[in-house]
Amino acid sequence: QALNYLFLGQTQDALVEVRKANQAQERALATREREIQAAKEEIQQAGLSQELALAQQGLPDLPVTPDGLKGRIQSGYTFYVSALLYEATGALNDAYIDYQRALEVAPNNRVLQADLLRITTRLGLKSEHAAYQQRFGRPSAAATTDESNSTDQGQILVLYEEGMLEPLQEFFLPLPIATSAGDFRTFTVAFPWYGSTQLPVAAGQFLLDGQNTQTEPLVSLQGLASQSLQERLPGLMMRQLLRLASKEALRHQASAQGGDLGNILVGLYNTFSEHADTRSWSTLPAGVSIWRRSVPAGNHAIAVGQGTAMQQLSVPVVKGRVTLVWVNRLGANIVSMVKMIS
């Protein structure tokens with residue numbers, strides 16, 4: 001929504017949206033540990049620890065989160081758009097904070113490293129700049145150019161969205177569980193699952209004035225979704241096991257009252273009524289990468305895609321300003337927009 005407003009030229013409305021997004025991320029971070037601990041306590045109170053351990057052994061491996069993005073629940077994409085808008089509107093201190101937040105999520109992103117070197121220079125934070133320079137190594141001249149002081153330089157910023165978030169699927173797991181009669185029966189439980197193996201965020205390839213160029217990985221939204229599911233899974237499994245206990249009690253009662261026919265009917269009901277909650281975001285990109293560089297003022301040509309699907313974009317650059325190029329690629333289909341933002 002923030003990007004929508006930005007391309008409509010409504011910068012203040014875009015800022016409102018990114019503030020909402022950042023507040024939502026802060027709330028999620030604040031409640032995360034509490035929710036995980038609450039699920040653990042509920043599992044212990046229900047006495048289902050052993051059954052959960054058995055169930056988890058039967059699940060396939062979760063997709064692997066890319067290196068450098070592990071253990072995160074916040075999106076560097078949101079922080080980066082927020083920092084971009086703050087810097088474009090002159091709120092440099094706010095921009096500095098959100099560039100730092102984005103770097104915490106993607107510490108190996110060299111574009112973010114250059115952004116922090118640039119913003120600390122603009123703010124006159126000499127000690128912070130020196131610390132970042134030592135941490136990142138000696139930067140290139142292009143990475144640290146402050147376009148506001150250059151005689152003929154502006155900047156091009158590419159936000160490159162790749163693929164689409166995989167929808168949740170159902171995974172059916174047979175579990176042997178003790179019944180009220182003391183024997184073991186096999187019950188089928190359905191869980192939400194991401195089926196494919198998670199790959200690292202791919203660098204977006206494009207041509208800038210005929211030269212091969214590639215973006216820097218910023219965030220794997222597929223990785224964040226997989227991590228979120230992994231953290232929620234014990235609570236989801238506990239609720240499914242409690243449903244199993246209720247179904248077994250119903251089956252036992254039907255068997256006592258209706259004999260074999262009642263037992264069969266309830267068994268069929270259990271089989272056909274078992275479904276996982278697979279509601280999830282279905283229109284988000286799987287991953288996002290970025291590229292940013294100071295270039296001479298004037299018109300530049302960017303080509304994205306390949307073959308007949310290639311798009312040629314004319315990118316105007318003005319001294320001291322940033323031109324945003326947004327690219328969304330889904331297979332051979334590419335959508336792109338160009339906007340001068342500061």
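1. Helices (H or I, at least four residues) and strands (E, at least two) are DSSP runs, numbered from the N terminus. This is a predicted model, in which local features need pLDDT of at least 70, side-chain atom pairs count only at pLDDT 80 or more, and totals for chains, interfaces and linings use all residues. Residues are numbered from 1 along each chain as its sequence is written, and side-chain values use heavy atoms, with hydrogens and water left out.

2. A106 lies in the loop between α5 (92-105) and α6 (110-123). Its relative accessibility is 4%, so A106 counts as buried (under 20% relative accessible area, with exposed over 50% and partly exposed in between; 1.4 Å probe, protein chains only). G76 is 30 residues from A106 in sequence, yet their C-alpha atoms are 6.9 Å apart.

3. The largest nonpolar core has 48 residues. Such a core is a set of buried Ala, Val, Leu, Ile, Met, Phe, Trp, Tyr and Cys residues joined through side-chain atoms within 4.5 Å. Among the residues with the most contacts inside it are Y77, Y80 and L116. Helix α4 (residues 76-88) gives the most to this core, eight residues. A second, separate core of 15 residues includes W291, V295, L313 and I334.

4. Four strands form an open sheet in the order β5-β4-β8-β9, with antiparallel pairing (two strands pair if DSSP finds at least two bridges between them). β5 (211-214) and β9 (311-317) are at the edges with a single partner strand each, so one side of each has no neighbour in the sheet.

5. Strand β4 (residues 205-208) is joined to β5 by four bridges, and the two run antiparallel.
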